[in-house]
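Good morning. I will talk through one structure, starting with a helix and ending with the cores. Please keep the picture in view while I speak.

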Amino acid sequence: MTDTANRILWIAVGLLLTIVGAIGIATWFGRFPFLSPNDVVLDSSLVELWHRFDPWNLIVAGCLGAVLIWFGLWLFTRQFRRRGSASMADLTVHGDQRAREDTDKFDGHTTVRARGLVHALERDLTSARQIAKASVTLTGTAPQPNAWLRLDLARDASLSEVRDHVGEALTRFATTSDIRPATVDITVRPSNSQPVRVR
Amino acid sequence: MRTFNRLASLVLGIVLFVAGALLIAEAVALLLHRPPLLVPRDRWYQSLAGTSFGDRFVFAAAIAITVVGVLVLALQLRPWRPVRLKVPPYEGWHVQRHYAERSVVSALNRLSGVSKAKTRLNKRWRVRVRAAAHSTEHDLVAQTVNDQLRQLDAPDHMQVKIRLARLRRVV
């Protein structure tokens, strides 16, 4: 779940709490048209409704509980996906038809771990002097996933040089793996390290 | 605030999960004519059925809920400092604000005669610099800030505001 999604969720929660609280205050002062200060919080009509639908009322309560469990789990697990979607799955390449005709027994497939692809791109990115560290995340589905790159720059590295190198690394990555990211989001972290003193 | 929101959402997720599980467990207990597991149904029902909206406890609860709601809204709606700054002509390229500020501060503190530098960058690439230095160092400070941010492809409309304060002499 992205930061924006979390912010929207909490705006909704804040708005809901404010409305409920304001209705309670307005009712206490007798200014809310649909409720009076003499009305009880749990009205007898609600209790009658509950008993009238017995035993379906318990089934409805159970379904409501299931929805709460599902939403709670969904909200909890989504907090570990900062990019909003799941990481790219491993690649599976099946043997092509021509290879099968050449050798009768060939009917295999090759699995390329997504982690391996990510590490390869990270290593290629850090091969340039200007990039001290690179962290890559691929989300979505191959062959056009979304790429998220975080680059820690070396001291005095200029962004124009870095940009050229990143472009070349992505081209090499596409040639080798056949993966061409649909979107590339790059975050650069400039260095603040002190220059090395030479005696 | 972003980390706080994430943690709060994690807690909300756990609370909703527990509430759902408890609701199902209580419904099953009621169906099997068993005593309640955690929520005393009769006491809960009687207290709500015997409390009116004019009750002062309801009023206190309504005020507390409103205060929490307004506080949450205020925290979420106030402008947040951006985590990243866009590098305008290049689609998809961003600079992490905090690191950019630190690199400028580091470059300024390396200058002789300049110390205690502080920088604030906003999302429109407006830079505020405060440092302890003589006013004659103004141009040098401006040049350093400019050079440092140009390395990060800061846009041409970048604005730099510099405030220099003299260091107090220790007598």
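Contact, as I use the word, means heavy atoms within 4.5 Å. Helices (H or I, at least four residues) are DSSP runs, numbered from the N terminus. The model is predicted, so local features need pLDDT of at least 70 and side-chain atom pairs count only at pLDDT 80 or more, while totals for chains, interfaces and linings use all residues. Residues are numbered from 1 along each chain as its sequence is written, chains are lettered from A and ligands numbered from 1 in the order in which they are written, and side-chain values use heavy atoms, with hydrogens and water left out.

Take helix α3 of chain A, residues 56-78. This helix has 23 residues and spans 33 Å from its first C-alpha to its last, close to the 33 Å expected, where the expected span is 1.5 Å times one less than the number of residues.

Which residues of α3(A) are buried? Among them are Asn57(A), Leu58(A), Gly65(A) and Leu75(A). Buried means under 20% relative accessible area, with a 1.4 Å probe and protein chains only. The cover over the buried residues of α3(A) includes α1 (3-28) and α2 (44-52) of chain A, along with α1 (2-31) of chain B.

Ala61(A) is one example from helix α3 of chain A. Its relative accessibility is 11%, so Ala61(A) counts as buried. Leaving out residues up to four places away in sequence, Ala61(A) touches Trp50(A), Leu23(B) and Ala27(B).

How do α3(A) and α1(B) pack? Their axes are 7 Å apart, at an angle of about 160°. Axes are lines fitted to C-alpha atoms, for helices over the stretch in contact, and angles run from 0 to 180 degrees between N-to-C directions. The two helices, α3(A) and α1(B), are therefore roughly antiparallel, a label for angles over 145 degrees.

Now the cores. A nonpolar core is a set of buried Ala, Val, Leu, Ile, Met, Phe, Trp, Tyr and Cys residues joined through side-chain atoms within 4.5 Å. The largest one has 49 residues, and Leu125(A), Val166(A), Leu108(B) and Leu149(B) touch the most other members. Helix α6 of chain A, residues 159-177, gives the most to this core, with six residues. Beyond four places in sequence, the contacts of Val166(A) include Leu125(A), Ile131(A) and Trp93(B). Another core, of six residues, lies apart from that one, and its members include Leu9(A), Leu75(A), Ala8(B) and Val72(B).

Terms used
Buried < 20%, exposed > 50% of the residue type's maximum accessible area, 1.4 Å probe, protein only. Parallel < 35°, antiparallel > 145°, perpendicular 65-115°, else oblique.
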